[in-house]
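Please look through the following structure with care.

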Amino acid sequence: MRYAREHGFPTPDVHEVSGVEMIMERVDGPTMLDDLIRDPSGVASHARTLAGLHARLHAIPGPAWLHAPFGDPTALLHLDLHPANVLLTTAGPMVIDWPDAVAGPPPADIAQTWLIIGAGEAPELPEHLRQSIPLIRAAFLDEFLAAAGREQAARLLRAVATRKLGDRDIRDAERRSIEYLVASETSARLSA
């Protein structure tokens with residue numbers, strides 16, 4: 001977080017670190033996800049904002065001291081940059097939750113977000129939104145991937161999915177969703 005902030009990226013200031021404990025700047029505002037639940041009409045705008053945050057992050061060089069699981073450590077990657085980890089503050093969006101940060105090629109980060117949004121479990125939602133989740137996800141992903149670079153991310157989607165599927169804590173439903181998403185994208189690319 002400090003490294004990203006030193007490079008001008010919007011993340012809370014870290015004041016003190018002791019082991020796994022951190023004292024950081026208090027940042028107020030709803031998450032992008034909470035704002036989407038409150039008002040789904042902002043889906044396109046939020047998707048473009050998220051793509052812009054990825055672009056800004058990926059302009060930061062990957063530090064040599066970070067793990068580079070996808071090779072090519074050219075950029076700083078968050079690997080968990082999705083609407084629940086973006087706080088909408090009065091000063092603009094702020095990115096939180098950095099324990100998965102690595103160095104690598106930017107399309108890997110975009111592919112990871114694609115998997116999280118496209119195959120992750122939906123949060124608890126009000127009854128009137130539950131039926132709309134597939135449409136909201138599809139609209140968000142279409143806008144996000146158009147702005148962030150679908151083609152480049154698609155080339156790394158399988159490698160990113162393989163790494164994610166190696167997580168022992170992944171639930172069976174999410175595992176099946178990830179496998180389906182990757183198979184669907186692979187099939188679409190082959191038939192194109």
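Leucine 79 sits in the loop that runs between strand 3 (75-77) and strand 4 (86-89), where helices (H or I, at least four residues) and strands (E, at least two) are DSSP runs numbered from the N terminus. The model is a predicted one, in which local features need pLDDT of at least 70 and side-chain atom pairs count only at pLDDT 80 or more, while totals for chains, interfaces and linings use all residues. Residues are numbered from 1 along each chain as its sequence is written, and side-chain values use heavy atoms, with hydrogens and water left out.

- Leaving aside neighbours within four places in sequence, leucine 79 is in contact with Phe70, Asp100, Val102, Ala108, Asp109, Gln112, Ile116 and Arg163, where contact means heavy atoms within 4.5 Å.
- Serine 41 is 38 residues away from leucine 79 along the chain, and the C-alpha atoms of the two are separated by 26 Å.
- The phi angle of leucine 79 is near 65 degrees, which is a positive value in a residue other than glycine.
- Aspartate 72, which is not a glycine either, has a positive phi of about 40 degrees, and it lies in the loop between helix 3 (43-58) and strand 3.
- Aspartate 72 counts as partly exposed because its relative accessibility is 45%.

**Overall build**

- The protein contains eight helices and six strands, and from the N terminus on its elements follow the order α-β-β-α-α-β-β-β-β-α-α-α-α-α.
- For 192 residues a compact globule would have a radius of gyration near 16 Å, and the protein agrees with this at 17 Å (the radius is taken over C-alpha atoms, and the globule rule is 2.2 Å times the number of residues to the power 0.38).
- Taken along the principal axes, the C-alpha atoms fill a box of roughly 50 × 40 × 30 Å.
- Of the 192 residues, 44% count as buried.
- Among contacts between residues at least 6 apart in sequence, 67% join residues that are at least 24 apart.

**The largest pocket**

- The largest pocket holds about 780 Å³ of space, and of the 30 residues that line it, the closest to its centre are His82, Ile116, Ile117, Gly120 and Glu121.
- A pocket is found on a 1 Å grid over the protein atoms alone, as an open set of points where a 1.4 Å probe fits, with protein on both sides within 12 Å along at least five of seven lines, and lining residues have an atom within 4 Å of a point.
- Grid points are joined across faces, edges and corners, and a volume is the space filled by probe spheres set on the points.
- Helix 2 (32-38), helix 4 (106-119), helix 6 (133-148) and helix 7 (150-165) each supply at least two residues of this lining, and the largest share, four residues, comes from helix 6.
- The lining divides into 17 nonpolar, three polar and 10 charged residues (Ala, Val, Leu, Ile, Met, Phe, Trp, Tyr, Cys and Pro count as nonpolar, Asp, Glu, Lys and Arg as charged, and the others, Gly among them, as polar).

**The second largest pocket**

- The second largest pocket has a volume of about 160 Å³, and its lining includes Met1, Tyr3, Trp65 and Trp98.
- Helix 1 (residues 2-6) gives the largest share of this lining, three residues.

Notes: Buried means under 20% relative accessible area, exposed over 50%, partly exposed in between (1.4 Å probe, protein chains only).
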